[in-house]
Amino acid sequence: MGGENSSKSKQQVSTMLKHGFISDPTISSFSPSRTFPSPPPPPPPLSKPQSQSQSQSLFDMISSNQTPLSDDNRRKMQDRVNKLLQEAHFIGGDVKLTVVGKEGIRVSMDVKKSVLAEKSRFFAEKLRGSGNGNGMVHSVEISDCDDVDVYVEAIVLMHCVDLKNRLRFMADAGVSKVLNLLKVSAAIMFDLGVMSCLEYLEAIPWTEDEQREIISQLGHLQLHDSMPDVLLRVTSSPSTAETADNIFANLLSGVLQAKDDKARREMKSMLSKLLKDNAFNDSSKLDVSKDTLYHLCHRCISSLVLCLSEARDTCERLDRGVLISEIAREADNIQWIVDILIDKKMGDEFVKIWAEQKELAALHSKVQTIYRYEISKITAQLCIGIGRGHILVPKEIRFSLLSTWLEALYEDFGWMKRASRGIDKKLIEDGLGQTILTLPLFQQQLLLLNWFDRFLNKGDDCPNIQKAFEIWWRRAFIRKYSPEPDDSSQLQITLFDYPK
């Protein structure tokens, strides 16, 4: 009679395999996805009880209609799982746990129910009340797994005495492996595994690609209690625009006053890149304000006035090279800030500010060219911006800019070409010519006739804007006196009558 009951119980469990994880006939099918908000491992249906000898056969195809792995990938998967099971401490297992991959790989393990229930709230819930000392072996099957080896490793970690120390040896596996393990641990509510993975991720360095992956995965898992410790390195507590502006202001100011020229160039390049990245990502919280940039511009201009005043009042000084260096540095500082303003579409106001520097322009004309030529590069920079359409200002401001600084640019152009490294002569000439051509025709005539006389006397030491001169000439004379017939004479209408 007892044998009949035992046979009947086994038959009953076997019949319910298709319904999922069954610990006793009263429990319905389940899936980790129904108990955890992350994208879960698929629902684990119950597998048929197997003998100890059957459990040692690790890999079997589920069915013939699933796509098998390639021989090479299957061999690698076998090696990984074999190694995991060799390191496992499965003793006296009373639960037959089978993990089935989407590609058809099946791995079976004899594990202890007490360990599953103690380490996983998920298994504790599903195994509650099962096993009343009758010696029945419980079967658990987790189907359609993306990574069979990750599920196996999660179960192995449950049986591991020093889980955190084991994770230390996973450094070669990379962040993706730990994230996959975190995802599986979260799905089966293996809390110690979750916390260990999070602590491991918090401690190791990340690449930028890994950082994006970590943020994405943790966002999907929604581990609100644990995420802040891991993400402290990529989240900003004072995430206000005002704080970011203050930080950038201090950084920019530090670069402007740097003593080491090489370090200054490197930091300029780095900060310019960071600011461009912020503009590209449209991140208003991580930017520098327009007011800060213009405050720095005014400070540099004031320093230039003082330096040129000193240069004007000095005859021959022993520290002449120091003064020249100071002027060149302040001019370069302005060019750098103006570059940032132009990139941010904020450069229009500076054209007006620079056009109004009558005192600075007057000082400029009274000092030797060797002191001043770097300043004319600022005017050239603005003309290039206007000529390319990157700076948009009214015609009155454009004309005022040239009225204040064009003579200085002409005087310094020869020195700029010879003494400045990396200067693009043609770029300056095209920018200047295009800027002149944006003005009204009578102003173009005034400026270009003046250039004509100067070029005849200076030659290559004067910008060659011949192309702009030719365009102005055609606009002013050739097209002006070409006959322009009335609009009505250009309109021809022909009527045709078609028979109906």
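L293, Y294, L296, C297, C300, I301, S303, L304, C307, L308, E310 and A311 in helix α14 meet L323, E326, I327, E330, A331, N333, I334, I337, I340 and L341 in helix α15, where contact means heavy atoms within 4.5 Å. The residues of this contact divide into 17 nonpolar, two polar and three charged; Ala, Val, Leu, Ile, Met, Phe, Trp, Tyr, Cys and Pro count as nonpolar, Asp, Glu, Lys and Arg as charged, and the others, Gly among them, as polar. This is a predicted model, in which local features need pLDDT of at least 70 and side-chain atom pairs count only at pLDDT 80 or more, while totals for chains, interfaces and linings use all residues. Residues are numbered from 1 along each chain as its sequence is written, and side-chain values use heavy atoms, with hydrogens and water left out.

Helix α14 covers residues 290–312 and helix α15 residues 320–343; the two pack at an angle of about 160°, with their axes 9 Å apart. Axes are lines fitted to C-alpha atoms, for helices over the stretch in contact, and angles run from 0 to 180 degrees between N-to-C directions. The angle makes α14 roughly antiparallel to α15, because angles over 145 degrees count as roughly antiparallel, under 35 as roughly parallel, 65 to 115 as roughly perpendicular and the rest as oblique. The crossing of α14 and α15 is left-handed, a term used if the near helix is turned anticlockwise from the far one by less than a right angle, and right-handed if clockwise.

The protein chain has 23 helices and three strands. Helices (H or I, at least four residues) and strands (E, at least two) are DSSP runs, numbered from the N terminus. The three strands form an open sheet in the order β2-β1-β3, with mixed pairing; two strands pair if DSSP finds at least two bridges between them. β2 and β3 are the edge strands, each pairing on one side only. On average, neighbouring strands of this sheet are turned by 15° against each other, direction ignored.

β1 (residues 95–101) pairs with β2 (residues 106–111) in the antiparallel sense over six bridges. In β2, V111 stands opposite V95, and D110 is the bridge partner of K96. The two strands form a hairpin with four residues between them, and G104 in the turn has a positive phi of about 105°. With β3 (residues 138–145), β1 pairs in the parallel sense, also over six bridges. There, V95 stands opposite H138.

Seven of the seven residues of β1 are buried, so the strand is largely enclosed by the rest of the structure. Buried means under 20% relative accessible area, exposed over 50%, and partly exposed in between (1.4 Å probe, protein chains only). In a regular strand, side chains alternate between the two faces of the sheet. In β1 both faces are covered, with V95, L97, V99 and G101 buried on one side and K96, T98 and V100 on the other.

S120 lies in the loop between α4 (113–119) and α5 (121–127). S120 counts as buried because its relative accessibility is 0%. Leaving aside neighbours within four places in sequence, S120 is in contact with M158, I188, M189 and F190. The C-alpha atoms of S120 and I188 are separated by 6.3 Å, although these residues are 68 residues apart along the chain.

Of the 500 residues of the protein chain, 45% count as buried.
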